[in-house]
Amino acid sequence: MGLNASFPSSLPAAPLVVPPFMVHVRDIVASTNDDAKALANAGSPHGSVVWAREQSAGRGRYTRQWLSPPGNLYTSAVLRPDVPPARTAELGFVAALAVAETVETFLPVGTPARLKWPNDVLVKGQKISGILLEGQFNGMDIAWVIAGIGINVTGAPDNPAYPATSLASHGADVTAREVLVKLLERLGAWLEVWQNNGFAPVRAAWMARAVKLNDVVTVRIGTEPLSGPFRGIDHDGALLLETPQGTRRITAGEVAFGPG
Ligand code: BTN
């Protein structure tokens, strides 16, 4: 009798755990951010994660659509950091570093992942990942933050206005699940750095990967375009833009390369 004969032929799938993360696996959802919010509102702990094979209403920043066919990674983590609400945006930089390190492990050696303010990850100038942070606050405390992360694994949308790429188009033969496991490992590591040492090491690592540092960029804040050399990020993640009137700190906006 074979060694495996006493085991049932189909074992239930083992839960996916990458401490401190526990992954809830879904087939198709509207948006993993919505499912993660529902978990958070029902009291799920820090590290609860939703991963879906497909999204029917994936969202990007500024209520843009995030096309979400099967093959790419769509995941959202419930985070409950013990810091004041004003530090929420720092988590976007923590997540971007985790994504950059993740995609680099699957890219050809010497192909870097670079970062565009606030939270985009680019490969050879094209977007490979986007991050959507959503939070709920109780007075002076963070109740939860959802870090929603999309990574283009097998394909990227074809939109000339927003050039995008995927791991597969750089020759990586990898599944969304493999990318998720690496992502959670790097996210756990960067969260620990941030919790133990604050934003300074995150800022330094982010700046080392920043695109267009010291080059002229244009930031759109609402409808107002503002151009000048990009001088990096401040101690809290605000974009620093040099203007004839002095250095402007920008906390929200859309960056375009060049004078606009
Ligand atoms: C952006 O670059 O505009 C952010 C895109 C964020 C997409 C991810 S995919 C997983 C999670 N669920 C969503 O609906 N959005 C985020």
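Guide: A charge sits over a ring if NZ of Lys or CZ of Arg is within 6 Å of the ring centre and within 35 degrees of the ring normal. Keep in mind that this is a predicted model.

Visitor: How far from the ring centre of Phe257 is Lys116, which lies over its face?
Guide: The cut-off for the distance to the ring centre is within 6 Å. Lys116 lies over the face of Phe257, and its distance from the ring centre is 5.4 Å.

Visitor: Which residue lies over the face of Phe257 at 5.3 Å from the ring centre?
Guide: The limit is again within 6 Å of the ring centre. The residue over the face of Phe257 at 5.3 Å is Lys212.

Visitor: How many aromatic pairs does a search of the whole structure find?
Guide: Rings pair if their centres lie within 6.5 Å. With the whole structure searched, the number of aromatic pairs is two.

Visitor: Are the rings of Phe93 and Phe199 stacked or edge-to-face?
Guide: Planes over 60 degrees apart count as edge-to-face. The ring centres of Phe93 and Phe199 are 5.7 Å apart and the planes stand at 70°, so the pair is edge-to-face.

Visitor: How many residues apart are Phe93 and Phe199?
Guide: Phe93 is in helix H2, while Phe199 is in the loop between helix H3 and helix H4. The pair links distant parts of the chain, and the separation is 106 residues.

Visitor: Is Phe199 buried or exposed?
Guide: Buried means under 20% relative accessible area. Phe199 has 6% relative accessibility, so Phe199 is buried.

Note on methods:
Residues numbered from 1 in each chain as written. Predicted model: local features only at pLDDT ≥ 70, side-chain atom pairs only at ≥ 80, totals over all residues. Heavy atoms only, no water. Phe/Tyr/Trp six-rings, centres within 6.5 Å; stacked < 30°, edge-to-face > 60°. Helix = DSSP H or I, 4+ residues; strand = E, 2+ residues; numbered from the N terminus. Buried < 20%, exposed > 50% of the residue type's maximum accessible area, 1.4 Å probe, protein only.
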